[in-house]
Amino acid sequence: YFYAYQCNWQFSNQISRLSNQIGHETLSHKIEQISSNMVELCNLYQQDVTEKEIELLTFFSKQDNLTSSTKSTIYARRGIINEIMRRYDLALKDLSRSIELDPTNSSAFVWRGITYDKMDKHKEAILDFDQAIDLNPKFDWAFGNRGFAYESVGKHDEALHDFTKAIEINPKDIWVITNRGRVYKSIEKYDEAIQDLTRAIE
């Protein structure tokens, strides 16, 4: 997946800069056409890879000689792919199955929470993040995502608490630092917001 995303990002950004630098309208238009074709190829590559992995994971999920923990990992992985592909109903089904097979799989709870959040089911999302944190109190990613869910429902104090906790665990998480900065801005704590946003881009 990294190659596909990187491929898409590099072409869309580099070609855009190149087009802006070229003054000739015809050449610029031609380059944009080439860029569009290359980005489409990147997207097709990504989709092809994900579909092949889903097919492989489906095959392994049907094997009888695997432990519950291993099967849980397989279902979680397939659920993650479905979430990335925005197939949220399928993602929920896989991630719920993963949790059934291994109720200690904290990552599956986080990914199901993320899926719920994408579906605007923030209450369900928060409950899953709660469970992940109960299983792993040092799970910075769970704190960060719960903070994002709290922010979505206007619970700024809770969001700030979770973002701060995530940063304490992982001080280099730019996504969380940026989100905490946005919350500070929304409650008009501009000095704190500037500090976080400056830290995120340094």
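Trainee: What is the accessible surface of the protein chain, and what share of it belongs to carbon and sulfur atoms?

Mentor: The surface comes to about 12,200 Å². Carbon and sulfur atoms hold 53% of it. Keep in mind that this is a predicted model.

Trainee: How many helices and how many strands are there in the protein chain?

Mentor: There are 10 helices and zero strands. Read from the N terminus, the order is α-α-α-α-α-α-α-α-α-α.

Trainee: What percentage of the residues count as buried?

Mentor: The figure is 40% of the 202 residues. To count, a residue must have under 20% relative accessible area.

Trainee: Why are α3 and α4 called roughly antiparallel?

Mentor: Set the angle against the cut-off. The axes of α3 (residues 68–84) and α4 cross at roughly 165°. Angles over 145 degrees count as roughly antiparallel. Therefore α3 and α4 are roughly antiparallel to each other. Their axes come within 8 Å.

Trainee: Which residues make that contact?

Mentor: On the α3 side they include Y75, A76, G79 and I80. On the α4 side, Y88, A91, L95 and S98 are among them. The crossing of α3 past α4 is left-handed.

Trainee: What makes α6 roughly antiparallel to α7?

Mentor: Again, the angle. The axes of α6 (residues 122–135) and α7 (residues 140–152) cross at roughly 155° and come within 9 Å. The cut-off is over 145 degrees, so α6 is roughly antiparallel to α7. This crossing is left-handed. In α6, I126, F129 and I133 are among the residues that meet α7, whose partners include F143, R146 and Y150.

Trainee: Where is Y88, and what is it in contact with beyond its sequence neighbours?

Mentor: Y88 lies in α4, which spans residues 88–101. Leaving aside neighbours within four places in sequence, Y88 is in contact with E83, T115, K118 and M119. Contact here requires heavy atoms within 4.5 Å.

Trainee: How far apart are Y88 and M119 in sequence and in space?

Mentor: They are 31 residues apart in sequence. C-alpha to C-alpha, they are 7.5 Å apart in space.

Trainee: What share of the contacts between residues at least 6 apart joins residues at least 24 apart?

Mentor: That share is 47% in the protein chain.

Technical notes: Residues are numbered from 1 along each chain as its sequence is written. This is a predicted model: local features need pLDDT of at least 70, side-chain atom pairs count only at pLDDT 80 or more; totals for chains, interfaces and linings use all residues. Side-chain values use heavy atoms; hydrogens and water are left out. Helices (H or I, at least four residues) and strands (E, at least two) are DSSP runs, numbered from the N terminus. Buried means under 20% relative accessible area, exposed over 50%, partly exposed in between (1.4 Å probe, protein chains only). Accessible areas come from the Shrake-Rupley method with a 1.4 Å probe; for residues, only the protein chains shown count as cover. Axes are lines fitted to C-alpha atoms, for helices over the stretch in contact, and angles run from 0 to 180 degrees between N-to-C directions. Angles under 35 degrees count as roughly parallel, over 145 as roughly antiparallel, 65 to 115 as roughly perpendicular and the rest as oblique. A crossing is left-handed if the near helix is turned anticlockwise from the far one by less than a right angle, and right-handed if clockwise.
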